[in-house]
Amino acid sequence: MGEGIAVAADTNSGITAEEAKAWGVTLIPMPFFIDGKVYYEGRTLTQADFYRHLEQNTEISTSQPAPGEVIETWEGLLKHYDRVIYIPMSSGLSSSAASARLLAEDFDGKVLVVDNKRISATQRQAVLDALYFVKQGLAAEKIRDILEQTGLDASIFITVDTLKYLQKGGRITPAAAAVGSVLNIKPVLQIQGDKLNAYKKVRGWKSARRVMIEALESELARRFSGKDVWLGTAYSGDPKEGEAWRQTVQEHFPDYDVYCGVLPLSISCHTGPGALGIGCMVRLY
């Protein structure tokens, strides 16, 4: 196992507690403040509980992991491992990566924080990549460098069922949300590295799903032409809708084994239930 390297990440990866246990990955849960009380994703806050609060219009805000919890996690791992590779969500979407790097300065090089501009399914794959390289015996610094150098070799597209939560989070104005709802406008958003941008606006759910599939086809034909990639889907809310979306994507891309996962709650906070995502990332093994 290399030089005794532990791999850790946060729950923005969409990795479940069951997967983390099976893989030997340590997960730091993202905290959420709900009506002033703190909850931890996957620990004291389930997906079902989160959506119940969301649909009841409860006040929900996100935060980054408390420094004390991060330090305690790393110290616990270093009792059993020589080094720790920590893969938080993209620094462009949260300050948690920058905070982690500051904390790591007190660990004499034993903790390496990887900022490879990932979140959700692409961050999940970065964790799997790290585990693979650990098993191959690569040094911690080499693993960090590979993940950071290839971090931008990924792309995610997301659409939402309702504009309510984008408005609530300040992503769109109340006027735009009102007009969009009347016209059945569905925005397709793109997460490219450290940026969340509007990709296209269409009318109707069917059109939004078609645009996401076409966007992925374009990525595979251009940016990732000639490269071996992983494909994944994600959803918020109903698992049946998530699986139906995965099957739709699988039918469009029969040469790939399409993974399906849940959107992390930090994204769902802004999209609400019923969101669908699709993503690709270059295979490293």
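## Packing of helices α9 and α10

In this predicted model, helix α9 (residues 205–221) and helix α10 (residues 239–252) approach until their axes come within 11 Å, crossing at roughly 45 degrees. The arrangement of α9 relative to α10 is therefore oblique, and the crossing of the two helices is right-handed.

On the α9 side, the contact is made by R209, M212 and I213, while α10 contributes W245, T248 and H252. Sorted by class, the residues in the contact of α9 with α10 are three nonpolar, two polar and one charged.

## Aromatic pairs

Nine aromatic pairs are present in the structure. One of them joins W74 and F107: the ring centres are 5.4 Å apart and the planes stand at 85 degrees, so this pair is edge-to-face. W74 belongs to helix α3 (residues 67–77), whereas F107 sits in the loop between α4 (96–104) and β7 (111–113); the pair therefore ties together parts 33 residues apart in sequence. W74 and F107 are both buried.

Another pair is formed by Y132 and F133, whose ring centres are 5.5 Å apart. The planes of Y132 and F133 lie at 65 degrees, over the 60-degree limit, so this pair is likewise edge-to-face.

## Accessibility and the ring cluster

Y132 has a relative accessibility of 30% and so counts as partly exposed. F133, by contrast, is buried, because its relative accessible area of 8% is under 20%. Both residues belong to a cluster in which ring pairs link Y132, F133, W230 and Y285.

Key. Residues are numbered from 1 along each chain as its sequence is written. This is a predicted model: local features need pLDDT of at least 70, side-chain atom pairs count only at pLDDT 80 or more; totals for chains, interfaces and linings use all residues. Side-chain values use heavy atoms; hydrogens and water are left out. Axes are lines fitted to C-alpha atoms, for helices over the stretch in contact, and angles run from 0 to 180 degrees between N-to-C directions. Helices (H or I, at least four residues) and strands (E, at least two) are DSSP runs, numbered from the N terminus. Angles under 35 degrees count as roughly parallel, over 145 as roughly antiparallel, 65 to 115 as roughly perpendicular and the rest as oblique. A crossing is left-handed if the near helix is turned anticlockwise from the far one by less than a right angle, and right-handed if clockwise. Contact means heavy atoms within 4.5 Å. Ala, Val, Leu, Ile, Met, Phe, Trp, Tyr, Cys and Pro count as nonpolar, Asp, Glu, Lys and Arg as charged, and the others, Gly among them, as polar. Rings of Phe, Tyr and Trp (its six-membered ring) pair if their centres lie within 6.5 Å; planes under 30 degrees apart count as stacked, over 60 as edge-to-face and the rest as tilted. Buried means under 20% relative accessible area, exposed over 50%, partly exposed in between (1.4 Å probe, protein chains only).
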